[in-house]
Structures are given as structure tokens and as C-alpha cells.
Amino acid sequence: SAERRAPPDKIAIIGAGIGGTSAAYYLRQKFGKDVKIDLFERGEVGGRLATMTLQGQEYEAGGSIIHPLNLHMKRFVKDLGLSAVQSSGGLMGVYNGETLVFEESSWYIINIIKLIWQYGFQSLRMHMWVEDVLDKFMRIYRYQSHDYAFSSVENLLHSLGGDDFSGMLNRTLLETLQKAGFSEKFLDEIVAPVMRVNYGQSTDVHGFVGAVSLTCTDSGLWAVEGGNKLVCSGLLKASKSNLISGSVMSIEEKTRTKQTGNPTKMYEVVYQTGSETRSDFYDIVLVATPLNRKMSGITFLNFDPPIEEFHQYYEHIVTTLVKGKLNSTTFSSRALDNFGLSTVLTTDNSDLFINSIEIVSSVRGNNHPQSSTDGTHVWKIFSQETLTKEQILKLFLSYDDAVKRQWLAYPHYKPPEKCPSIILHDRLYYVSGIECAASAMEMSAIAAHNAALLAYHRWNGHMHMIDQEGLYEKLKTEL
Ligand SMILES: Cc1cc2nc3c(=O)[nH]c(=O)nc-3n(C[C@H](O)[C@H](O)[C@H](O)COP(=O)(O)OP(=O)(O)OC[C@H]3O[C@@H](n4cnc5c(N)ncnc54)[C@H](O)[C@@H]3O)c2cc1C
Ligand SMILES: CC(C)=CCC/C(C)=C/CC/C(C)=C/CSC[C@H](N)C(=O)O
């Protein structure tokens, strides 16, 4: 077996969302108990996994749903002793600004007949296309369980399914599905609404994020009881990392003399905590927060060549929770008693001021929308802009309370996509670059695992464990 160098003394991770906390977990697994890991967080542990409180109950405000085949998230929940709850399976409709162009039925067989009647076998074909992408995507778990790492997002995707797979970043979902023979009607009425609810965008996103988004039409979606952010606090604790509440301002490489007397290149991390500015030195640094358009306010000082800048902007999305009685006549001619839908998605119509509206349950409920005798529910609305009072009154006959949270939610996807480097500098790694492929909790966990493996192999000179070609064939026969 390959020789191992002494582990690093100190590692810094910037950002305590799911990316940063899972990086801490995997770094601890790889480098062992003696490495000091500092995790910097300027806001709340969880980042985009956060809850909002409405009338004393907490609801997911950011990352909400998890796919049944998101194996890292599944493993975290198990290892941390948390519980999963199934996401509610109410009925969905699609509104185009004038009418409901599609409505689910509570009868499975009626649903199938409706789908075939309206769209032929396109729904089935779409599921087959998505399952094919997902099948290839699942190979990452095998590669990571054998400790293989990738130095770029493109290499990672290429290892999963070759040129066709990494090439999905370069074509729009629309082009991809049109070429596969899907009709305009199906793309407008089914595919586009799914892109709007999940990524606040259109079918102009690239094919890979399109497929990830469409996996949300699978059954068995779930969430973490008590809130998805519990995974982050659990991983932080399990990794025995040291949380530093502060905002990282700059990173610079400097030569330091360690206790051993050897001059060593380290990164100086300067951060603001309360009114104080402090700094500390690290052997390895992982950045687990988007660097796009200076969103995270981190400056890389005196790097030659300079650390690249990432220009792609993040979509502004507003989550609004309203406890009230829906004005169902905004969407259909039916009164509330007869409405029956718990989710309304929307087509890509610029006159619409919402992307979606759905009934939600509190993170401590059993995730079946709390029953209501008077037609009042808690509704979650996604919109590009903050809703005005007039807009809320258009959606609701009456409401008791409303709260909102704004996000720079996920990248604006515009193929062809050139992903950021994972290796920003010798021992400086970028976890969040994976969001160029798709932004989701599981994607951050995969990127974190990859960055931890990459840092470990590069530290120990195990270059054969990085960007290995033909992994699928190589591992197919191994148990
Ligand atoms: C409204 C919404 C709905 C979503 N729904 C889903 C969903 O249903 N399912 C799903 O899988 N995904 C969903 N996502 C996406 C998912 O939430 C994100 O992909 C994921 O949470 C990103 O995690 P992260 O750790 O990579 O980044 P973040 O959670 O953004 O973590 C980065 C952290 O870094 C901190 N930070 C930034 N700059 C500094 C600094 N200078 N110093 C110190 N700390 C800093 C931030 O405060 C933040 O806590 C949704 C996202 C949003 C916004
Ligand atoms: C990575 C793979 C294979 C699957 C992840 C699928 C997934 C859960 C993607 C999340 C997409 C996303 C950003 C959804 C946002 S809105 C979700 C939901 N409708 C809500 O109510 O919050």
C-alpha cells in the first residue's frame, strides 16, 4: 500500500451548509482524529437548509425535498440517528394564467388515462429518460466508496457516462427533449412547470440539471423530521470540528515555520467575528460557499495566477408562507370545497407572479398536510420577486399570517456550462462549484466527499486515485 505522509495539522472549511458540514465529516474520516478542523460560518449552521416560523410552527424555507436515491443524505440521517418523513403526496395541477391545463386525479388509473389522453406515452418516456440519467449518476457512489476522486466537475460527470453525459451541460433541456421527440405541449405543460418550481427557470436550463429537476416527479421523496438543517448540525458534531462564528474576508498563502522548524506553505484565513478581525493559518482550505459575483465576500490575496472569478449569477427566489384560505377561483372555476389540489405549478408565462404554490406541513408534523375543517392551510409560494399585499390577497380569500425569506437560491443555468475548478490552488479546494451541474443537497454532499478525497490523495501523493479513466468497467467486477 502507498506510504502515508503525516496528516496536516489544521484544515479550514468556509461555510457550514450541507457542503461544508459534510466536508468536515469526510475529512475527519480520511485524515483521522488528530487533525484540527475549523468550520467558519457567518450566518446559521445549515445555510440554505433553514426553517421559517409561522404561528409557532417551523417549515422548510430552503432545501426541502430529498430523492429516495440520494444515498449520502440517506446515510447521514441513519448515522446521525435522525428520522425521515415522507413528503406529502397531494394532488397537483398546472395553471397557465388562464386555466388549469393539467390536473391530477386521486385515482391512479384515472391519472394514467388522463396523462395518456393528453400527452400520449410522453410521461412514461420522460420517466425512462430520467431513470437512465439517474442510473448512470448512481455510479458515483461506487466510485466514492472505493475512494476515487475527480479534479473537475466535468471529469466527474464524464466518468459516470462518457461524452454524452458530460455533454448534457452544453445543451438546453429543451433542445435535448425536442430532439428526443417530445411535443411542445408536453414540454410547456409538464416539463417547464417542474423547472419553474424547482429552479425558478425555464426549459433553457442545461440537460443535466433538467434531469435532476425531473427526478422530483418520482415517488418516495422525503425530508428530515425536525428540519433538514439537523443533518448539518449533526455532521458538525460528529466530525468533532470547531465552529467559528465569523465571516471570512480573505485567504492568502504565506510561508510559516512550524514547530518542527520546517518552513511550510500555509493559508492565512482572515475573518471578522463580532467587531474583531482575527486570522489563523491552515495547511488545507475548503471553500463550501458560492464564490459567484463576490456573493461570499472572500478575497484571494496575492495568488499568481489570480484565483479565477465566477460570473454566473444566482437566481433571486422568494419563499413566502401564508396561513389562509386559498382563493381557488384564481386558478379554476371551482370553489375551495371542490378544488382538491394541494400544489399548483405554473407554465412559463411572464404575466404570472408566482412560480408555484403548495400546501406544506411543519417539520415536526408527520408531513401530511395538517387537516383543516375551515379550509385554512399553510401554503408555500415560490416567486421571483417579493409578493405585494395585493398579490397575496389575489391568491387568498383570507389569511391570518404571512412570512417571507429571500434567497440567492441556485445558479442561473445557461448552457454551454463551463464549471469552476475544484482545485483553486495547491491545497485550496472549491466544493460549491458542483452547483454548475445542479444545485441540490445531495450534489453538495457528493462534492464534499469528492473534495475530501481529493485533498487526502493530493496530500499523500496518491495521484492514481484521481481522474482514473474506465472506472465503471474497472469496478464492475469488484465486490
Ligand atoms: C428555496 C430553495 C429551495 C430548495 N429546494 C431544494 C430541495 O427541495 N432539495 C434539494 O436537494 N435542494 C434544494 N435546494 C438547494 C439546496 O438547498 C442547496 O443546493 C444546498 O443547501 C447548498 O448547500 P451548500 O452547503 O453547498 O451551500 P449553502 O447552504 O449556501 O452554505 C454556504 C454557507 O456558507 C456561509 N458563508 C458564505 N460566505 C461566508 C463567509 N465569507 N464566511 C463564513 N461563512 C460564509 C453561508 O452563510 C452559508 O451558511 C433549494 C434551495 C433553495 C434556496
Ligand atoms: C441529485 C439527484 C439525483 C436528485 C436530487 C433531486 C432533488 C431533490 C432536487 C432538488 C431540486 C430543487 C432545487 C428543488 C427546489 S423546490 C422543492 C420543493 N418543491 C419545495 O417545495 O421546496
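1. A polar contact here is a pair of N or O atoms within 3.5 Å; within protein, one must be able to donate a hydrogen and the other to accept it, and residues adjacent in sequence count only if both atoms are side-chain atoms. Serine 64 gives an example: an N or O atom of its side chain is 3.0 Å from an oxygen atom of ligand 2.

2. Please keep in mind that this is a predicted model, where local features need pLDDT of at least 70, side-chain atom pairs count only at pLDDT 80 or more, and totals for chains, interfaces and linings use all residues. Residues are numbered from 1 along each chain as its sequence is written, chains are lettered from A and ligands numbered from 1 in the order written, and side-chain values use heavy atoms, without hydrogens or water.

3. Two further side chains place a polar atom by an oxygen atom of ligand 2: glutamate 358 at 2.5 Å and lysine 380 at 3.3 Å. The protein covers 91% of the 610 Å² of accessible area that ligand 2 has on its own (Shrake-Rupley method, 1.4 Å probe).

4. Now the shell: 18 residues surround ligand 2 (a heavy atom within 4 Å). Helix 8 gives the largest share, three residues (helices are DSSP runs of H or I, at least four residues, numbered from the N terminus).

Note on methods
Helix = DSSP H or I, 4+ residues; strand = E, 2+ residues; numbered from the N terminus.
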